[in-house]
Amino acid sequence: MCDGCRDLAGAWWQHGIADGKSKFGLQEFEFYEHLKDEHPTLRLASLEGCNTCKEAVAMAQFVLPDMAMYRKNGDYVDPAELHFVRHLLERTAELSGKDVGWAAD
């Protein structure tokens, strides 16, 4: 993880899902953008056994044009990749420096 990753993960754990607040969606999107810009070779792929990953992949394949999301620079946001960002963030508890009481395997 780079410093930017650590900062974004720390904010997600402090102000996002770890506190049960609604800001985590925006923070996940910010992390997604960071990964796309700063770590373009990182593969954002489905996690085996995650039903939401399967749904996101299906949605990415059949998304209606008016439901598509785009970044500020005009790049298409793949819903499956965006969902996978959550899996990455869930695994950053120990790296974020936050005492959240648990970390995913």
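This is a predicted model: local features need pLDDT of at least 70, side-chain atom pairs count only at pLDDT 80 or more; totals for chains, interfaces and linings use all residues.
Residues are numbered from 1 along each chain as its sequence is written, and side-chain values use heavy atoms, leaving out hydrogens and water.

**The overall fold**

- Five helices and two strands make up the secondary structure of the protein chain; helices (H or I, at least four residues) and strands (E, at least two) are DSSP runs, numbered from the N terminus.
- Starting at the N terminus, the order of elements in the protein chain is α-α-α-β-β-α-α.
- Of the 105 residues in the protein chain, 33% are buried, where buried means under 20% relative accessible area, exposed means over 50%, and partly exposed lies in between (1.4 Å probe, protein chains only).
- Among contacts (heavy atoms within 4.5 Å) with a separation of 6 or more in the protein chain, 62% are between residues 24 or more positions apart.

**A look at His 83**

- You can find His 83 in helix H4, which covers residues 79–90.
- With a relative accessible area of 17%, His 83 is buried.
- Leaving aside residues up to four places away in sequence, His 83 touches Cys 50, Thr 52, Cys 53 and Ala 56.
- The side chains of His 83 and His 87 make a polar contact at 3.2 Å. A polar contact is a pair of N or O atoms within 3.5 Å; within protein, one must be able to donate a hydrogen and the other to accept it, and residues adjacent in sequence count only if both atoms are side-chain atoms.

**Glu 28 and its partner**

- Glu 28 sits in helix H2 and counts as buried, at 8% relative accessibility.
- Not counting residues up to four places away in sequence, Glu 28 touches Trp 12, Leu 82, Val 85, Arg 86 and Leu 89.
- One of these neighbours, Arg 86, also meets Glu 28 in a salt bridge through their side chains (3.0 Å, N to O).
- That pair links distant parts of the chain, with Glu 28 in helix H2 (residues 24–38) and Arg 86 in helix H4, 58 residues apart.

**Other salt bridges**

- Six salt bridges turn up in a search of the whole structure, each being a side-chain nitrogen of Lys or Arg within 4 Å of a carboxyl oxygen of Asp or Glu.
- Arg 6 and Asp 3 form a salt bridge, their closest N and O atoms lying 3.6 Å apart.
- Arg 6 and Asp 3 are separated by about one helical turn because they are three residues apart in helix H1 (residues 3–15).
- Arg 6 is partly exposed at 36% relative accessibility, whereas Asp 3 is exposed at 58% relative accessible area.
- Another salt bridge joins the side chains of Lys 36 and Glu 81 (2.8 Å, N to O).
- Lys 36 is in helix H2 and Glu 81 in helix H4, so this pair ties together parts that are 45 residues apart in sequence.
- Lys 36 is partly exposed, at 32% relative accessibility, while Glu 81 is buried, with a relative accessible area of 18%.
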